[in-house]
Amino acid sequence: MKTRIAMYAAGLALMAWGVRGVVLNVNVAGWALWFAGAAVTHDGVLVPLVLVAGLLIGVVPVAYRPIVRAALICAGCTALYALPLVLGYGRRADTPSQLPLPYGRNLGIVVGAIAAAAVLAALARLLTDRRGGRAGAARRPEPSG
């Protein structure tokens, strides 16, 4: 119990130090605007996209849903990570060596590779199920009787 209280106290102290740093060193209005924009983007863009993806995965056969989910998670994380590069944040006209690559094309290639890996995994599952004479039977219970 004492350890837990000490951990809470340490966490609160670190949070207080971080808030102090924001208040003293950052334009608070700009930070608040960024924070509010992040919340609105999360609730207005990211959550609806995830919900639609969940609905669309519902039409995928049960045996292939984990593959599709994994591919969507990998592609989504990759796209989210690469978005600032694709949008060119940090690019300066006077420094052509900053962000010199075609990041949009490269993101497309990586997402295409993720999709190709998912298709290969689905084909491997299909062939494995057919070879074993199961055709998805591993996912269905045996009839009793």
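Leu 83 has its place in helix H3. With a relative accessible area of 41%, Leu 83 counts as partly exposed, because that value falls between the 20% and 50% cut-offs. The model is predicted.

**Largest pocket**

- The largest pocket holds about 820 Å³ of space.
- Its lining is made of 23 residues, and the closest to the pocket centre are Val 45, Leu 46, Leu 49, Gly 76 and Leu 80.
- Helix H2, which spans 28–57, and helix H3, which spans 65–87, each supply at least two residues of the lining.
- H2 gives the most to the lining of this pocket, with twelve residues.
- By residue type, the lining divides into 17 nonpolar residues, five polar ones and one charged one.
- Empty space of this kind is found by rolling a probe the size of a water molecule over the atoms.

**Largest nonpolar core**

- Eight residues make up the largest nonpolar core: Val 60, Ala 63, Tyr 64, Ile 67, Ala 71, Ala 75, Ile 114 and Ala 118.
- H3 and helix H4, which spans 103–131, are the elements that give two or more residues to this core.
- H3 gives the most to the core, with three residues.
- In soluble globular proteins, nonpolar side chains tend to be buried together.

**Aromatic pair**

- The structure holds one aromatic pair.
- The ring centres of Trp 31 and Phe 35 are 5.3 Å apart and the ring planes are at 20°, so the pair is stacked; the cut-off for stacking is an angle under 30 degrees.
- Both Trp 31 and Phe 35 lie in helix H2, four residues apart, which is about one turn of the helix.
- Trp 31 is partly exposed, at a relative accessible area of 36%.
- Phe 35 is also partly exposed, at a relative accessible area of 48%.

**Salt bridge**

- One salt bridge is found in a search of the whole structure.
- The partners are Asp 94 and Arg 92, and their closest N and O atoms are 2.7 Å apart.
- Asp 94 has a relative accessible area of 56%, so this residue is exposed, the cut-off being over 50%.
- Arg 92 counts as partly exposed, with 45% relative accessibility.
- Side chains of opposite charge can pair when their charged atoms come close.

**Loop between H3 and H4**

- Leu 99 is found in the loop between H3 and H4.
- The phi angle of Leu 99 is near 50°, which is a positive value in a residue other than glycine.
- Most residues other than glycine have a negative phi.
- Leu 99 counts as buried, because its relative accessibility is 17% and the cut-off for buried is under 20%.
- Ser 97 lies in the loop between H3 and H4.
- Ser 97 is exposed, with a relative accessible area of 59%.
- From C-alpha to C-alpha, Ser 97 and Asp 129 are 51 Å apart in space, and they are 32 residues apart in sequence.

Definitions and conventions:
Residues numbered from 1 in each chain as written. Predicted model: local features only at pLDDT ≥ 70, side-chain atom pairs only at ≥ 80, totals over all residues. Heavy atoms only, no water. 1 Å grid on protein atoms, 1.4 Å probe; cavity = no way out; pocket = protein on both sides within 12 Å on 5 of 7 lines; lining within 4 Å. Points joined across faces, edges and corners; volume = space filled by probe spheres on them. Nonpolar A, V, L, I, M, F, W, Y, C, P; charged D, E, K, R; others polar. Phe/Tyr/Trp six-rings, centres within 6.5 Å; stacked < 30°, edge-to-face > 60°. Buried < 20%, exposed > 50% of the residue type's maximum accessible area, 1.4 Å probe, protein only. Salt bridge = Lys/Arg side-chain N within 4 Å of Asp/Glu carboxyl O. Core = buried A, V, L, I, M, F, W, Y, C linked by side-chain atoms within 4.5 Å.
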